[in-house]
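Work through the exercises below with the model open. Try each task before you read its solution.

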Protein chains: 4
Amino acid sequence: MIPRYTPKEFAELWSDATRFAIWLEVELAACEAMESAGLVPAGTAATLRDKQLTLDSSRILAIEETTRHDVIAFLTHVEELAGSPARWLHRGMTSSDVLDTSLAILLVRASDSLITRLDGLVEALAKRAREHARTPMIGRSHGIHAEPTTFGVALAGHLAEIKRGRLRLQRAREEIAVGKIAGAVGTYAHLSPEIEERALARLGLRPETVSTQVVARDRHAAFFSALASVAAGIERLATNVRHWQRTEVGEAEERFSAGQKGSSAMPHKRNPILSENLCGLARVVRAAVLPALENVALWHERDISHSSVERMLAPDATATLAFMLDRARSLVEGLVVYPARLKENLDRTGELFYSEAVMIALVGKGLPRQRAYEMVQRNAMQVFHGNGVFRTLLGQDPDIGAQLTPAELDECFDLEHALRFADELVARAIAS
Amino acid sequence: MIPRYTPKEFAELWSDATRFAIWLEVELAACEAMESAGLVPAGTAATLRDKQLTLDSSRILAIEETTRHDVIAFLTHVEELAGSPARWLHRGMTSSDVLDTSLAILLVRASDSLITRLDGLVEALAKRAREHARTPMIGRSHGIHAEPTTFGVALAGHLAEIKRGRLRLQRAREEIAVGKIAGAVGTYAHLSPEIEERALARLGLRPETVSTQVVARDRHAAFFSALASVAAGIERLATNVRHWQRTEVGEAEERFSAGQKGSSAMPHKRNPILSENLCGLARVVRAAVLPALENVALWHERDISHSSVERMLAPDATATLAFMLDRARSLVEGLVVYPARLKENLDRTGELFYSEAVMIALVGKGLPRQRAYEMVQRNAMQVFHGNGVFRTLLGQDPDIGAQLTPAELDECFDLEHALRFADELVARAIAS
Amino acid sequence: MIPRYTPKEFAELWSDATRFAIWLEVELAACEAMESAGLVPAGTAATLRDKQLTLDSSRILAIEETTRHDVIAFLTHVEELAGSPARWLHRGMTSSDVLDTSLAILLVRASDSLITRLDGLVEALAKRAREHARTPMIGRSHGIHAEPTTFGVALAGHLAEIKRGRLRLQRAREEIAVGKIAGAVGTYAHLSPEIEERALARLGLRPETVSTQVVARDRHAAFFSALASVAAGIERLATNVRHWQRTEVGEAEERFSAGQKGSSAMPHKRNPILSENLCGLARVVRAAVLPALENVALWHERDISHSSVERMLAPDATATLAFMLDRARSLVEGLVVYPARLKENLDRTGELFYSEAVMIALVGKGLPRQRAYEMVQRNAMQVFHGNGVFRTLLGQDPDIGAQLTPAELDECFDLEHALRFADELVARAIAS
Amino acid sequence: MIPRYTPKEFAELWSDATRFAIWLEVELAACEAMESAGLVPAGTAATLRDKQLTLDSSRILAIEETTRHDVIAFLTHVEELAGSPARWLHRGMTSSDVLDTSLAILLVRASDSLITRLDGLVEALAKRAREHARTPMIGRSHGIHAEPTTFGVALAGHLAEIKRGRLRLQRAREEIAVGKIAGAVGTYAHLSPEIEERALARLGLRPETVSTQVVARDRHAAFFSALASVAAGIERLATNVRHWQRTEVGEAEERFSAGQKGSSAMPHKRNPILSENLCGLARVVRAAVLPALENVALWHERDISHSSVERMLAPDATATLAFMLDRARSLVEGLVVYPARLKENLDRTGELFYSEAVMIALVGKGLPRQRAYEMVQRNAMQVFHGNGVFRTLLGQDPDIGAQLTPAELDECFDLEHALRFADELVARAIAS
């Protein structure tokens, strides 16, 4: 999580202050649940809440220098501030009851914020897809011109993919919205399932089915996988922007702000740096998945090897993805599309992309498929080497003339027909 | 996919023969749908089906040597075998219409087979968890004795985790059960959404929302992530078996078959090699996730970089996970548990694990938490260094005696109480 | 290791037959060393060699079904074939003495074969780099035209990178050329360092400095990292071929063989599928690095979790890289370069790439850098938007005219000057 | 790079202030080299140095808000501070000339600091290995007791591995000590190889063989791989400490500082948290390798996708490894070893580990290996099941008695003999 790639909201979310504040929320929620169960004097949590404690993060960290234990340092500090009633906090609990429940709250908040950002990107993509639903573009496979599509259909594909990422993140949020207040090895030795359920409900969480000392880490691994999946969707979009913007293609480009400079050496450069940046950041988000999966196999009822990984990668991966989503939305919103250039590129291969229509027409006349393929290919190769116009050559080929009338050939060369489902595809993505 | 780690079913699933047979199924389903749309003469598919073609994989591969294109080689071979009606196959389709739809069928079949195996593992875990729901075991965090739990609760935790993996795999199966018959760049230039839907329905698939030349690869990435998640759950189980079996712990061990030899050098060795093997294989399955994520960002309407990755990793990851599931189930079924050793280990730390109960009792008497902690810890440390019995030392500590009567102290030393929720936890995992 | 991506040599290298043959070599080398030390009757190895045993892999695998231990199965089979003298084999050794020493031999052979292939690629790159050392090409950053370079310089960059990969692989080969014959936990309990050294020397290996039951796995991790590094270099080359070949660029393309078909639907397509394939395979090779790194932290004097990883990934990664190297070499050798198209693209941006030369000339006249930048950029932007010719506009700009004479401006527009170091760069790569 | 895991030195190394200061160093070194070549007025760099500019990082970042280009922002600020002579800076250079050369300097400094830390760990391991060269310990494979080794030999294995990591890091340092001052696409359009070489030499760097706009990223990938390799070595060490410390083993433990608390719930706990932490951090360092490898395949003469990855992962991976090395050294220095417990564990399996010696003796008498194996195993299994003492049972076995005299049997039970090479192994690691 470096400032450059961290939205302010995430810098706050992952701050010491927020973390300690949430720890306190968790302790108080547990305390209240224990009051209901008669384990703690009624009103303890209310008394503590009334004190409106202002936790001092630096003091907690200083205490930790000695105790080498973060939750004990925190509790010591709370007792410093709140005095005697604080001794009821954490009764029968283990550190992970606080830490894992708090982590769940943080990840839920992160998820909600990410989903809001995803919605922004979805909206931007939908708008631009609709706008360009009928803007013809040459479709490319292997970087080679294939058959026509539209710019809007291309965006619709990205839209549908991003929405699938949203669904995965939504499900991961549900999986991660799980805490535990079950004691040292998850057996409720000094607690009960009822206390746990009541405390977690107040915090918007459900109880882990069977915890050890911690919430099971397969949930977190699934969460990081979902983040990486969204990032990969953005990477595909950004990769395509980079292709569209390259000098020879020039079909679309990132908005270039006033004052922006493309190069310290070359004043004329306008580079797709936002998109390249998104591709790099996708690698970073993706890289969190394997450590998260390695974190699953903790020893016995837990070891703490997962903790350092999560301390580093949970902020990094969520904040970076948030940054990516913001950047991707503004990229899409500001994307400058050049329909004239799209048309120019479409025309570049001399309508070779109608070759399949011709081949189908020939097969429809009864020719074996491979024979039709060869008849079309030999003419296509002429065009490819700059010798003639495709429609003309086909018209002059006696083998083809023996099968198709000029009118039938003309029917094969119909852009409107080729793109007749473009609106439907865009609508499908929006409805998905 | 090496023979050693490949169930027979998966060797067949990923064979050339199966692949080509499914390609034919896809072509015929598409052909039938085109018949309904009037694009192909009625009865074509039926005629072809009646021929009961026996595809010759080696012939197809030989043709591919020349064409350098697998689907064209396949179609050429079908035409060799079936003659003229075969020319109607593949009308308006692109190779990926066949390939991606077929891959979806293969992955769905793989998923179904994996889920069946998962159910076997779930059943085995449930059975053993119930069996040992009340078998006491020392719970360990950091490899250090913590508080008591039961062997059944430990298995229940694994059970719940494996079931979550099952849910993820089920969802991934839904995501991957998507084909496309939409032509070169997904625009249905010579096809229609109706044809696609009808053909895919016959194959048990849904249409991609918006395809390019291919089905979007975020679906496959999610699928591989789900596999890795299940593998990580097995890795945790296997890691714990390795711990339970180690000489000094000896609480459970893998069934050692007659004739099996543990070591070429040391006749007395009985090693948890199945579990170690599962840990290694989890690394292999996990390693497929990043390439799958890298596959998402194909260029424009597709490039073919994903293909080699999938050719290698789809068989590898699914077959290896299937092998893991079989092995894990038989590991769990055959696991030899030693309750006497479990008890012996539980007693090893002189009941220090009741320290928290004592601490809570002290806090209940009104002591500040940190003071209670220190009073208990100083006695615990004596025991830890071999100087005395915990219950006795506590009884002799005047500070503690000032707070707790001997009867109150006794109440803290109650194993039954500590484990009173074990059955509930096992039941929860089974019900989850 | 699937047939499609496995050179024949590697299929043989990683076969059961080769593996068992090497095991026998290792056992015999160890036996001879023990003869020298007087631990085994002199002449035992010679007697066994004279028998010219033909090992039956399927028989060994069948025995393993019962023993569940591969080396014991192997030894049992050798004893079946060779009778009484075979009992002297494996004296004081542990399975890993055979397995790890054999793995080292296999990896050394794989390395040597890879290095030979690397040399082929190096030679091809050097030849083509020399050929095109002076073929002008527009250099691109961010996919946007920057300043001129040459096609040969671009290839020279790839050449230098591949040669660095070769060096890393050479070093990794040295690191991996290490065996062990040191007994169950590496202490030579029934052996000696001298025996080990003598046996390994005969096999072309050095002894592990301090082994456990196995050779340390950091060596193997370094080996896989080196493979991935070479693969990444090929990926960069292949990525650039894909760019050069894309329809709008068209500067170079893969050789298209007679009979090859680009698309089942579009007869005119010529796709860079070899290069795309290489990009996918690089992902596969790269994915072996993390499991190899995870393999390092074996428990105590070893566990066997690394074994399954290596059984799958060592053949996969080495064979795949061998395939990549062969394919990359033939790609480079056959690459069709289009100098006319290179020139056409170079001219596409109206010589804007001379803007920096102009800026430097202006600064040389005493202008502040940022002022010079802005003077050039405003003219460049005109050209970029299609309004005029760069050289002309600059000549007409009074601010620029106040600084530079027409002759001085002309000097800035000199391609020869811009490319004057191209030959030197190519020579540097070849000499590196 | 989070404060918790970042040594102060690395926080400074990766600060904005250090980065900008190094940029200035690079610009001045280039300026001086250009003075020698007559491209810049003599004395310019000296004049600028004399000004002793104090760069204001926040001002640079503020300018970047507008320019969206970091190096231009930096140069603008330098010109603000230094006035007219600053216009000579960056002549003919591209941003990456500064950025990549500076990154090389930062990574070299990071490497040097890491190597110093490695030396500390090496020294600590050597000291403890010597100290415990003759402290017997049971060697374990698969977590199961195998044959005796010594605690010092175990440490010596770690020592040798860490030293191999050091060698790899040293080599990676050499690979990364490479800058470029070669202009927009590496052709020295407005520069020369001589200028580059002179400038880089002053900075302690060599020139990239053939650069594009940037230094080739395979160098950086190799660097990150070397970091991960060192981290994996530490992970193995830390994993073993965790095993040694677990309650049932208890052979060694981390130093527990006064005031430290093991658990918020259980006062008696002393957990190997430093080691667990090291295992987690190894996952983090390892995770940087794949993004670094993905960074290699930049498009054409460069794209900027690598930049965000390096901004995040270069500080993270180097600082985290530095932290790990410091922690590992203090872990080793403070490791509390319990020889009595080592002896107790060694004796736990009733001397079964001498079984191989007996088997060898039997084979030496002429028995077939498999027959000897079975004779020993049946007695070993008796002992394993708690029925008798190994030496005694063997003495009573008539088959064995027929082969070995009691004195010959006694010779097989000799710990001194088993450990006779321990000192040599420790010495070998230290000398390696």
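Two residues are in contact if their C-beta atoms, placed from the backbone, lie within 7 Å. This is a predicted model, so local features need pLDDT of at least 70 and side-chain atom pairs count only at pLDDT 80 or more, while totals for chains, interfaces and linings use all residues. Residues are numbered from 1 along each chain as its sequence is written, and chains are lettered from A and ligands numbered from 1 in the order in which they are written.

**Exercise 1. Describe helix H5 of chain A and what it packs against.**

Step 1. Helices (H or I, at least four residues) and strands (E, at least two) are DSSP runs, numbered from the N terminus. A residue is buried if 20 or more other C-beta atoms lie within 10 Å of its own, exposed if 12 or fewer, and partly exposed in between; these C-beta atoms are placed from the backbone.

Step 2. Check the length. H5(A) covers residues 70-82, which is 13 residues. From first to last C-alpha it reaches 18 Å, close to the 18 Å expected at 1.5 Å a residue. The expected span is 1.5 Å times one less than the number of residues.

Step 3. List the buried residues. They are Asp70(A), Val71(A), Ile72(A), Ala73(A), Phe74(A), Leu75(A), Thr76(A), His77(A) and Val78(A).

Step 4. Find their partners. Within chain A these residues pack against helix H2 (16-36), helix H4 (57-67) and helix H6 (95-131). Helix H15 (369-384) of chain B is a partner too.

**Exercise 2. Characterise the overall form of chain A.**

Step 1. Count the elements. Chain A has 20 helices and 6 strands.

Step 2. Take the extent. The C-alpha trace spans about 100 × 55 × 35 Å along its principal axes.

Step 3. Compare with a globule. The radius of gyration of chain A is 30 Å, whereas a compact globule of 432 residues would have one near 22 Å. The radius is taken over C-alpha atoms, and the globule rule is 2.2 Å times the number of residues to the power 0.38.

Step 4. Check burial and contacts. Of the 432 residues, 65% count as buried. Among contacts between residues at least 6 apart in sequence, 75% join residues at least 24 apart.

Step 5. Bounds come from an automatic or database domain assignment. It gives domain 1 (93-341) and domain 2 (352-412). Their C-alpha centres lie 47 Å apart.

**Exercise 3. Work out how chain D relates to chain A, and how the two meet.**

Step 1. Superpose. Copies are superposed by least squares on the C-alpha atoms of residues with pLDDT of at least 70 in both. In chain D, the C-alpha nearest the axis belongs to Ala287(D), at 2.8 Å.

Step 2. Count the interface. In all, 46 residues of chain D are in contact with 46 residues of chain A. On the chain D side, H12(D) gives the most, with 9 residues.

Step 3. Sort by class. Ala, Val, Leu, Ile, Met, Phe, Trp, Tyr, Cys and Pro count as nonpolar, Asp, Glu, Lys and Arg as charged, and the others, Gly among them, as polar. The side of chain D that touches chain A has 21 nonpolar, 16 polar and 9 charged residues.

Step 4. Compare the surfaces. 100% of the interface residues of chain D are also interface residues in chain A, so the copies meet through the same surface.
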